[in-house]
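Please look over the sequence and the model below before reading on. The briefing that follows groups its points by topic.

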Amino acid sequence: MQIRFFATNRDRQNLGLNVDRDTRIKLLKLGYHWVDMKKYMAHYLATTDPSSMPPGVIIENSEETVFKKFLKKEAVKHIIIGTHGYNVPFHGALTSFSILADTLKGTLKKHNFTLIADPEEKVNLDDANQNLIAFVGFSWPSNGKVLDYNSDRTECVQSAPALANLISYIRTQKPEIKIYIIAHSMGNYLVCHMLEQLVNQAFEPTELNEEIKNRLKRKDKGGENTFFVDRYFMLAPDVERREVTKCDLGGSEYTGPFYSGLEHLVQESHVFYSRYDNALKASVVEKDAIRESLQKGFELFAGPDLQKRWESSLGLNPLPALAPNNVYSHNATVLTNRQIDHGDYFDAPAIIDQIASIIAEANTSRIPELPWRFSESGDRPLVE
């Protein structure tokens with residue numbers, strides 16, 4: 001499947017090299033730009049150079065000429081935004097998103113949804129009875145190198161405003177549209193940072209109106225009826241367990257940095273994990289053997305410090321009991337009846353079918369009997 005809706009904040013130094021000043025300012029306004037992936041892949045296959053993109057692949061004024069026009073069509077009712085993980089070059093992002101979109105297309109069809117990734121696909125966009133989901137890839141500047149883990153994490157933090165601007169733009173053009181995010185691995189670090197910065201008002205989206213302001217309100221400030229993101233799917237998230245928890249430490253309360261963003265800005269979040277995930281196993285070994293030991297030694301003299309304590313990754317273990325009540329856990333190994341490694345989530349039919357079922361349920365008023373729902377007593381079970 002050819003992904004034509006492809007936004008990125010990569011390679012911004014090449015922006016505007018062949019355009020006038022006013023056009024360059026427009027290209028830089030939202031922090032991301034749209035790329036013609038057919039042109040980019042032609043460049044990459046001819047050069048096998050993943051380090052940069054030629055300026056000609058950037059679609060000038062694409063918000064107006066391509067995406068806005070598409071969004072306004074009556075058939076378009078949903079948007080899925082895909083974000084990739086660490087060590088993913090630009091052409092690798094296209095591969096990952098194509099596999100994900102291809103798998104989603106078939107499973108969503110079972111639920112009477114049509115997934116579209118190319119504005120030139122032959123569907124009737126003016127038919128209001130259509131239930132169309134558009135797939136949009138968002139690629140952040142991962143270096144595509146195994147040893148650049150810390151550098152990629154820094155890029156995630158810096159890319160948060162660009163992703164927020166993309167979502168805000170979609171919301172301003174079509175407030176009633178449903179927005180789902182599917183993030184893999186370190187892509188979750190990007191999404192969680194975006195939610196954290198938004199809920200703490202560290203920045204405001206460039207596209208900001210009353211609709212967006214209402215969706216960015218915390219629940220305790222009257223924002224309980226609208227959400228910035230409708231469903232957020234966390235595949236093998238590279239996010240620490242402590243970062244999504246809140247607990248009482250004998251008189252002092254600890255709230256993880258990502259807790260409030262998930263609680264207030266997302267209607268539901270769904271974590272898919274596997275204890276056979278070798279990438280996250282390596283991460284746990286590193287923390288247990290090095291960082292946690294050093295921290296425990298330090299605490300012998302300074303006393304306990306939960307904020308500095310390292311714990312196992314979310315992607316390897318069930319969801320912590322102290323995560324927000326709108327976050328649910330799914331055991332990928334049980335779903336698929338096989339061992340699931342780090343790169344297996346995008347094309348595992350059982351996982352994608354579970355995601356499709358959750359999207360379908362999000363568009364009904366009924367409450368189905370699913371294992372990740374609250375029980376009548378109000379208990380919040382883990383999904384196995």
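Is Gln 2 buried, partly exposed or exposed? Gln 2 counts as partly exposed, at 31% relative accessibility, where buried means under 20% relative accessible area, exposed over 50% and partly exposed in between, with a 1.4 Å probe and protein chains only. This is a predicted model, in which local features need pLDDT of at least 70 and side-chain atom pairs count only at pLDDT 80 or more, while totals for chains, interfaces and linings use all residues. Residues are numbered from 1 along each chain as its sequence is written, and side-chain values use heavy atoms, with hydrogens and water left out.

**Surroundings of Gln 2**
- Gln 2 lies in the segment before β1 (6-8), strands being DSSP runs of E of at least two residues and helices runs of H or I of at least four, numbered from the N terminus.
- Not counting residues up to four places away in sequence, Gln 2 touches Met 37, Lys 38, Ala 117 and Asp 118, contact meaning heavy atoms within 4.5 Å.

**Strand β10 and Glu 268**
- Strand β10 (residues 266-273) holds Glu 268, which is buried with a relative accessible area of 4%.
- Because 7 of its 8 residues are buried, β10 is largely enclosed by the rest of the structure.
- β10 pairs in the parallel sense with strand β7 (residues 229-235) over 6 bridges and with strand β11 (residues 327-331) over 5 bridges, where pairing requires that DSSP finds at least two bridges between the strands.
- Arg 231 stands opposite Glu 268 in β10, and Arg 231, Glu 268 and Glu 361 are linked in a network of salt bridges, a salt bridge being a side-chain nitrogen of Lys or Arg within 4 Å of a carboxyl oxygen of Asp or Glu.

**Other salt bridges**
- A search of the whole structure finds 9 salt bridges.
- Asp 230 forms a salt bridge with Arg 171, with the closest N and O atoms 3.0 Å apart; as Asp 230 lies in strand β7 and Arg 171 in helix α5, the pair ties together parts that are 59 residues apart in sequence.
- Asp 230 counts as buried at 7% relative accessibility, and Arg 171 is buried with a relative accessible area of 0%.

**Helix α5**
- The 25 residues of helix α5 (residues 149-173) should span 36 Å at 1.5 Å a residue, and the end C-alpha atoms are 36 Å apart, which agrees; the expected span is 1.5 Å times one less than the number of residues.
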